[in-house]
Amino acid sequence: LGEVLDYIKSKGNDIGIVPYRTMYERFARRESVIKNTGKTYYVSADGTGRNGTDRDVPISLETLNAKRIKTGDTVLFKAGDVFFGSVHPEILYISDGKITVSSYGEGPQPSICAYKYVEDSWDEYSSHIYRIDILDENNYTGYKDADPRAFNVGFIEDDNGNKYDHKKHSIDQLTEAYDFYSDGERYLYLRSENNPYEMLGGLKLAVNAKLFILASNMDISGLRFAYTGGHALQIGGDSAKNVRISNCLIEEIGGRYLDPEYDERYGNGIEFHASDAENIEISDNIIRNVYDVAFTIQGDIGSGKDILVHDNVFVNNAQDSEIWEGSAAAGVHNYQFYNNLSVNQGHGWGYDARPDQDAAAHILFYEYYPATADIGFHHNFVYNPRRIYAIKPSMESFFTGNFVRADDNIYWMAEDARIFNY
């Protein structure tokens, strides 16, 4: 990735795009001066406070989620801390002001994660099949939610960053080394020649959780969202207006089963699902190693209007952008995807793990039923994609009708890469 960024910076306007800043320049940690009209809440991993408005007496994530946050308020997570759980406080709209979510202090971006870290807690279930009881909190550290739905593990990762993503439907399908099966109720089973701790050391189990529940009038910046088998940031079924997500790192996302019967898995970086999304800006983020798509607007109902996705870096995602509008949806208008850098789309773990590899593409149009659209992709640099567009044959008229424009993009493709197919 560094070589690609250096190449783009050295060529500048010679390749038709605005010179990119280096990753270090763009994502350098700076503590923001935040102005707001309401309260400021400070949150730390070991917070014990009750109010959270005193920086020296921060509250925990659990306490934050029990609060009612109002428009005009600010929520700041302590830099360098790791928070295990989902961010979902109740939102109260009392004005047209925004809710700012960011960080405070010096150090790396605060991390919101949903993984259980296991070491030597495995039992031998049968020959070369080991299991761990992830309902027993003595067997792991990290994410503590006892909801059995969270036990739908998306992937496993060791301390060296090696992923084990061969998720199976049943114990009898565990035929290859490090195949795994989670029963969704209590146990995770793993095939291993010997005790997994002896073979692999400590392991992260990325369980099913939504790391951040989005709402209207939110400005989110300077956070890291990582290690969930579900979605990173999502809103579903509600109006989502005036949302900005910037300068965040979103990585290692997805892989849980949506429908085990059809071997259907999922997990997106940022998802607006069945919502009326309007005035949305996604900028200056790094989104990488996502099982499905980095950013998606989707659903059988809902709409999208004035959506700007720009100046992001996408790396190793199965898809970078998805638009899916069902039969009762109102359509997408003024969706602009520009000045983004995509590297190695379809070359990450999500592609290797997925059964529907033909759906992996820089741009995915899964379905689109509304009669009108206004969608543009321009001034993007796409390096080494597996394919550019994945479009169902039934949508050919959608493109010939000139609802979608793609201009001034640069594609650096291998000989076996494809432009179109689904």
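Rings of Phe, Tyr and Trp (for Trp, its six-membered ring) count as a pair if their centres lie within 6.5 Å. With that in mind, select Phe272, Phe295, Phe314, Tyr335, Phe337, Phe365 and Phe377, which form one aromatic cluster in this predicted model.

**Inside the cluster**

The structure holds 21 aromatic pairs. For another of them, select Tyr115 and Tyr227, whose ring centres are 5.5 Å apart and whose planes meet at 70 degrees, so the pair is edge-to-face. Tyr115 lies in strand S8 (residues 115–118) and Tyr227 in strand S19 (residues 224–228), so this pair ties together parts that are 112 residues apart in sequence. Both Tyr115 and Tyr227 are buried.

**The parallel sheet**

Next, switch to a cartoon view and find the open sheet of 8 strands, which run in the order S17-S20-S25-S28-S31-S34-S37-S40 with parallel pairing. Strand S17 (212–213) and strand S40 (418–420) stand at the edges with a single partner strand each, so one side of each has no neighbour in the sheet. The partner of S40 is strand S37 (residues 387–391), and the two pair in the parallel sense over 2 bridges. Within this pairing, Arg387 stands opposite Arg418 in S40.

Stay with Arg387 and show its side chain. Arg387 forms a salt bridge with Asp358, where the closest N and O atoms are 3.7 Å apart. Asp358 is found in the loop between helix H5 (349–353) and strand S34 (361–368), 29 residues away from Arg387 in the chain. Arg387 counts as buried at 6% relative accessibility, whereas Asp358 is partly exposed, with a relative accessible area of 41%.

The structure holds 14 salt bridges. Select Lys241 and Glu278, whose side chains meet in one of them at 3.9 Å, N to O; Lys241 is in strand S21 and Glu278 in strand S26 (residues 276–283), 37 residues apart. Then select Arg244 and Glu281, which form a salt bridge with their closest N and O atoms 3.4 Å apart. Arg244 lies in strand S21 and Glu281 in strand S26, so this pair too ties together parts that are 37 residues apart in sequence.

**A last stop in a loop**

Finally, move to Asn247, in the loop between strand S21 (240–246) and strand S22 (249–253). Most residues other than glycine have a negative phi. Asn247, however, has a positive phi of about 55 degrees although it is not a glycine, and it is partly exposed, with a relative accessible area of 27%.

Key:
Residues are numbered from 1 along each chain as its sequence is written. This is a predicted model: local features need pLDDT of at least 70, side-chain atom pairs count only at pLDDT 80 or more; totals for chains, interfaces and linings use all residues. Side-chain values use heavy atoms; hydrogens and water are left out. Two strands pair if DSSP finds at least two bridges between them. Helices (H or I, at least four residues) and strands (E, at least two) are DSSP runs, numbered from the N terminus. Rings of Phe, Tyr and Trp (its six-membered ring) pair if their centres lie within 6.5 Å; planes under 30 degrees apart count as stacked, over 60 as edge-to-face and the rest as tilted. Buried means under 20% relative accessible area, exposed over 50%, partly exposed in between (1.4 Å probe, protein chains only). A salt bridge is a side-chain nitrogen of Lys or Arg within 4 Å of a carboxyl oxygen of Asp or Glu.
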